[in-house]
Structures are given as structure tokens and as C-alpha cells.
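Here are a few exercises to work through with the model open beside you. Try each task before reading its solution.

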Amino acid sequence: MIRLKFAAIFFMVLSTGLFAQEAAVSPKARAIHDSALIVDTHADTPQRFLDENFDIGSTDPNDIGHISLDKARRGNLGAEFFSIWVEPETNVGHFAKRTFDLIDSVYEQAARHPAQMTMAFSAADIERAHKEHKLATLMGIEGGHSIENDVRLLRDYYRLGVRYMTLSWSNTNEWADSSGDINDTRIPHHNGLTEFGKQVVLEMNRLGMMVDISHVADKTFWDTIATTKAPVIASHSSARALTDAPRNMTDDMLRAVAKNGGVVDVNFYSGFVDEDYRKASEPIGKQAAEAIHALVEKQKTEGKTVPYTELDRIEREWAAKIPRPPLKSLIDHIDHIAQIAGIDHVGLGSDFDGVAGATPAGIDSAADLPKITQALLDRGYSADDIRKILGGNVLRVFRDAERVSREMQSQSH
């Protein structure tokens, strides 16, 4: 999730009426799209499950969320990694409890809709769910603070089905520097990963939990690449050469991920895929962050916390001040990463339900995923390459992580 709630920027225009709809999806593009096993590596819907009591089976036409079973079906979304994100300021002292509560919320949704979705724990599970026409439901922890500096908690999360962890969120933790506060001199930093942080990466390799380098500081990225024995993922990151956000990846990083065998899953957030939007959002973002901080402090004095839903509401209000960029901006990032890292190293990491709705024009929910296939087809991508981008590359990396895990575990016996 972007949610640089206290330090950054992400906003949009809610009204899609200001923009012409994207061109219709052709029969050829629809056929390619429907033939693909589509994997999205990042959606923040669990916050809605827990704080809004949102039911993923909702068919409410007025629901502004990106993910529902109906929207996933219309977009042929085959597998979703739901983000287990614990806001670090409002959950001090109970990171693990919030993590477990979010994990439970995902299981509860799957239990509520067994005919349409199923928990998945492996690449094979994703493929099996796809054959059964069910949404493969997976989880990734967003932010290493969730393990509370205890590798035993990491193992517990794996046992519960967590299949990747983002080493840091926008906050530097005790063992990994974050891009979100790397220039804040008030925050103690480690010059990348600490020794314990490197042990965490290796234990993730051993478990078969994919190592996610979205959000990390540049030095943390390079330390991770030097440490890991398995391919890494960037679950929701875009290209810094096109949009100069510190959360995005430089071309050298893209090449390093390719050499590592990993995959970069493009983030749909407008501020990460459109430079004009990023610049326009900076002053607005500061004002929004101040409004949010004031509310958090007020609630804190009253012994209360601010629910995610209230933060999202405030962000959407500020978002209405900035026009949405065109879908072309998102496709440009997919295109750039494919050119720099190679076609085998780019995927989709939407950040759905985590960006206060701030996605490019035409992408209003998972139902709009076929428009990406149409845009890639228009740029000359083959059906096979489109299927790689839509999910094939992520499945390959997932299988590689499982293989490395088996090898490491066999060597330890």
C-alpha cells in the first residue's frame, strides 16, 4: 500500500466523468486476457474487511472499492495477494496483534464465499484454483515491523499462509532502512540491512516466503540482492526513470532484479506512474498529511485511534483536487521495465484499495484489467508476452522461491 499517510502524497479526481472512457476492449484482446492466469501482487482490501466490515461478495454499484468478487470476475483476476499492512504509528505495541487480525479477516472472507474464492499457499494452488474458477487468495505482509524483531513470528506468519514480506514499509524498522524516511535525520538508520535483517532474508528464503523489496531504501535493496538466495519481487513498484519517486526503482535496480531472476510488479498509483501528477500532488500531499496528523493527534489525546476508513475518506477529499493521468502513463512503466529488465521480469502490483482511489483514468477497479491487455496489444506485445506480464512471471518467481526453499531445507538435514 502506498499510504505514506504521514509523510507523502497520493491523490486523484473521483469523478470519472471528466475523462473520456478508454477505447473498448477488442475481441482479440479479450481472448488473450481471458486465456491468461492473472496475478496481482498487492491489494489492501483487508483494511476494509477489518475496519469497514466489508464483504468481498458485495455487488453494491455505489461501492468505490477496487476489489470485490464480482469486479475480480469481470476482470478475469485469477489470484490476489492481499496486503497485511499494520499502520506503524497507530499500532505501537501491538503490531503482531493487528497482523493476526488482518490475516484472520482474509480467511473469514474465504470461508464466507467458498464457491468463489479459496486460500492458496503455493504456485500449484493458484493454478488449481484457476481451473476451479475460483479467486486464489494469498497474503503478503507489508512491513517488517510486523515480526516485532522475532524470527519465530516470521515462521508463524508463514504457517498461516503469508507468502511474501515487504522488508520495510515507509517506516525504517530496527533492521531495514525505508525509502519513506531515509532522508529524515530524526530517524536512526542502519545503512541498509543489519545483520539480523540479512538473517531475516535468509530465513524467508528457507521458508519459501518471497522477499519483497518495494518500499526499501536503495542501500537496503542492494544489501538484499547480495544476501538472498532466491529471486526477489517488488510487489508494487514502478520505474524511477519515468517518475522520480523514491519508492520507484532505478534502471540499475531493474537490471539487478533481472539478473537475480526476480520480477517488478508495476504499481498503479498515479503519483508513481505520472511525473506531472507527482509534482502536482506534492503541495496537496503536505496539506493532507497535516490534516491527517492533526486528526491522529486529537484522537490520541482522547485515547482513540483513527480507523483506516477515516484516513481513506480524508485522502479522497484531497484527491479531488488533482486530475487523473491517462492510462498511457501506467503502460509506459510496464513498457519501460520490460525494455530495461526484460519481458520475463515485469508484472502487475496494483496497490488496489491502498491509494485512496488514485489510479489512472479508466482503471477504476479490477474489472478494468482487460484495458491493460488492450493497451499492451496496441503497443505490439505478443499474446505470450502479455500473459507473462499478467501473471506468468510472478508464478515463475513463486515456483523458484519454493524450489530454493526445498533445496535449503534438504541441506539443513
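**Exercise 1. Which side chains meet in a salt bridge with Arg-30 and Asp-34 as partners, and where do they lie?**

Step 1. The side chains of Arg-30 and Asp-34 meet in a salt bridge, at 3.2 Å from N to O. The term stands for a side-chain nitrogen of Lys or Arg within 4 Å of a carboxyl oxygen of Asp or Glu.

Step 2. Before going on, note that this is a predicted model, in which local features need pLDDT of at least 70 and side-chain atom pairs count only at pLDDT 80 or more, while totals for chains, interfaces and linings use all residues. Residues are numbered from 1 along each chain as its sequence is written, and side-chain values use heavy atoms, with hydrogens and water left out.

Step 3. Both Arg-30 and Asp-34 belong to helix α1 (residues 27-35), where they sit 4 residues apart, about one turn of the helix. Helices (H or I, at least four residues) and strands (E, at least two) are DSSP runs, numbered from the N terminus.

Step 4. Arg-30 is partly exposed at 28% relative accessibility, and Asp-34 is partly exposed at 42%. Here buried means under 20% relative accessible area, exposed over 50%, and partly exposed in between (1.4 Å probe, protein chains only).

**Exercise 2. Glu-282 and Arg-278 meet in a salt bridge: is each of them buried or partly exposed?**

Step 1. The N to O distance of this pair is 2.9 Å.

Step 2. Glu-282 and Arg-278 are separated by about one helical turn, because they are 4 residues apart in helix α11 (residues 275-301).

Step 3. Glu-282 is partly exposed, at 35% relative accessible area, whereas Arg-278 is buried, at 11%.

**Exercise 3. With which residue does Asp-384 form a salt bridge?**

Step 1. The partner is Arg-387, and the closest N and O atoms are 2.7 Å apart.

Step 2. Helix α15 (residues 383-411) holds both Asp-384 and Arg-387, 3 residues apart, about one turn of the helix. Arg-387 is partly exposed, with 27% relative accessibility.

Step 3. Elsewhere, salt bridges that share partners join Arg-48, Glu-52, Asp-63 and Lys-71 into one network. The structure holds 34 salt bridges.

**Exercise 4. How many helices and strands does the protein chain have, and what is its radius of gyration?**

Step 1. The count is 15 helices and 9 strands.

Step 2. The radius of gyration, taken over C-alpha atoms, is 20 Å, close to the 22 Å that the globule rule (2.2 Å times the number of residues to the power 0.38) gives for 413 residues, so the chain is as compact as a globular protein of that length.

Step 3. Along the principal axes, the C-alpha atoms fill a box of roughly 55 × 50 × 45 Å. Of the 413 residues, 62% are buried.

**Exercise 5. What is the phi of Glu-148 and of His-215, and where do these residues lie?**

Step 1. As background, most residues other than glycine have a negative phi.

Step 2. Glu-148 has a positive phi near 50°. This residue, Glu-148, lies in the loop between β4 (135-142) and α6 (151-159), and is partly exposed at 36%.

Step 3. His-215 has a positive phi of about 80°. The loop between β6 (210-212) and α8 (218-227) is the place of His-215, which is buried, at 1% relative accessible area.
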